[in-house]
Amino acid sequence: MSDNEFETIVDDDAKSAPADRETNGPLDESEANAVRPYVDLGGVKIVPRTDLQLRLEVEEGSKRVVAVGLDFAGSSLQVQPFAAPRTSGLWNEIRAQIIDQIHKQGGTTTVSDGPFGPEVLAEIPVTTAGQTGTRIARFVGVDGPRWFLRGVIAGEGAVEPAAAAQIEDLFRSIVVVRGNTPMPPRDLIPLHMPAATPTGEAPSAPTTV
């Protein structure tokens with residue numbers, strides 16, 4: 001094994017996160033303000049804000065909540081929390097797999113250094129009502145303490161800087177609740193319906209996937 005090959009392996013295992021993650025998010029539950037109101041969704045907590053719409057994506061067969069969808073300021077943000085090793089990260093490896101999958105679908109990708117570290121801007125082929133087009137999405141990821149948080153940004157936040165700043169702030173405000181239950185790396189941290197939002201409003205209806 002050459003030195004270059006060894007360096008590549010080390011880089012793949014390294015954690016990828018903003019330098020200020022522990023103070024500016026996404027936060028671990030142990031780092032969050034304990035008295036701040038949150039919408040508790042199990043593996044993640046969301047700070048309520050005006051005009052934020054919450055959707056839960058549910059797996060059809062198992063009825064398991066597999067992702068949280070957030071619609072805000074002309075953009076959508078899908079988030080998923082995963083268990084991760086204590087000392088190494090997942091984003092570098094998962095990012096490469098996302099790129100490979102999109103290329104197999106006939107899409108294109110560009111990797112750039114964003115506010116959370118390396119991210120993927122993708123143009124993904126889609127067919128709607130018999131017409132073929134493309135969908136633009138940004139894939140972002142952050143490695144935290146024993147967890148990995150993946151986000152997919154679509155809408156204005158994928159292409160327009162001002163909208164991107166708003167949706168990035170939303171992603172940073174998420175709190176990940178890893179819990180103490182042993183879980184294999186890459187397992188989805190369990191998500192669930194909230195009893196109610198801090199304002200007493202019910203969330204949007206779940207979306208089946």
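This is a predicted model: local features need pLDDT of at least 70, side-chain atom pairs count only at pLDDT 80 or more; totals for chains, interfaces and linings use all residues.
Biologist: What makes up the protein chain in terms of helices and strands, and how much of the chain is buried?

Modeller: The chain has four helices and twelve strands. Of its 209 residues, 44% count as buried. The accessible surface comes to about 10,900 Å², and carbon and sulfur atoms hold 51% of that surface. Among contacts with a separation of 6 or more, 59% are between residues 24 or more positions apart.

Biologist: Why is Arg21 called buried?

Modeller: Arg21 has a relative accessible area of 6%, and buried means under 20%, so the term applies. This arginine is found in helix H2.

Biologist: Which residues does Arg21 touch, leaving aside those up to four places away in sequence?

Modeller: The list includes Pro26, Leu27, Asp28 and Glu31, and also Val142, Asp143, Gly144, Pro145 and Trp147.

Biologist: What makes the pair formed by the side chain of Arg21 and the backbone oxygen of Pro26 a polar contact?

Modeller: A polar atom of the Arg21 side chain lies 2.9 Å from the backbone oxygen of Pro26. The cut-off for such a pair of N or O atoms is 3.5 Å, so the distance meets the criterion. Pro26 itself is placed in the loop between helix H2 (21-24) and S1.

Biologist: How do you know that the peptide bond from Gly25 to Pro26 is cis?

Modeller: The omega angle of that bond is near 0 degrees.

Biologist: What makes S1 and S2 edge strands?

Modeller: The open sheet has four strands in the order S1-S11-S3-S2, with mixed pairing. Strand S1 (27-28) and strand S2 (39-40) each have a single partner strand, so one side of each has no neighbour in the sheet.

Biologist: How do you know that S1 and S11 count as paired?

Modeller: Two strands pair if there are at least two bridges between them, and S1 and strand S11 (residues 175-176) have two, so they qualify. Their sense is parallel, and Asp28 has Val176 in S11 as its bridge partner.

Biologist: What joins S7 to S8, and what joins S8 to S9?

Modeller: Strand S7 (residues 108-114) pairs with strand S8 (residues 117-128) in the antiparallel sense over seven bridges. Asp113 has Pro118 in S8 as its bridge partner, and two residues separate the strands of this hairpin. S8 in turn runs antiparallel to strand S9 (residues 131-144), with nine bridges; there, Glu123 is partnered by Ile136.

Biologist: Where else does a residue other than glycine take a positive phi?

Modeller: Arg146 has a phi near 70 degrees and is found in the loop between S9 and strand S10 (147-155). The hairpin of S9 and S10 has two residues between its strands. These two strands pair in the antiparallel sense over eight bridges, and Gly144 stands opposite Trp147 in S10.

Biologist: Why is S10 described as largely enclosed?

Modeller: Eight of its nine residues are buried, so the rest of the structure largely encloses S10. Strand S6 (residues 75-83) also runs antiparallel to S10, joined by nine bridges, with Leu77 partnered by Ile153.

Biologist: Why is Arg95 classed as buried, and what does it touch?

Modeller: Arg95 has a relative accessible area of 13%, which is under the 20% limit, so it is buried. Arg95 is found in helix H3 (residues 91-104) and touches Val111, Pro118 and Val120, not counting residues up to four places away in sequence.

Terms used. Residues are numbered from 1 along each chain as its sequence is written. Side-chain values use heavy atoms; hydrogens and water are left out. Buried means under 20% relative accessible area, exposed over 50%, partly exposed in between (1.4 Å probe, protein chains only). A polar contact is a pair of N or O atoms within 3.5 Å; within protein, one must be able to donate a hydrogen and the other to accept it, and residues adjacent in sequence count only if both atoms are side-chain atoms. Contact means heavy atoms within 4.5 Å. Accessible areas come from the Shrake-Rupley method with a 1.4 Å probe; for residues, only the protein chains shown count as cover.
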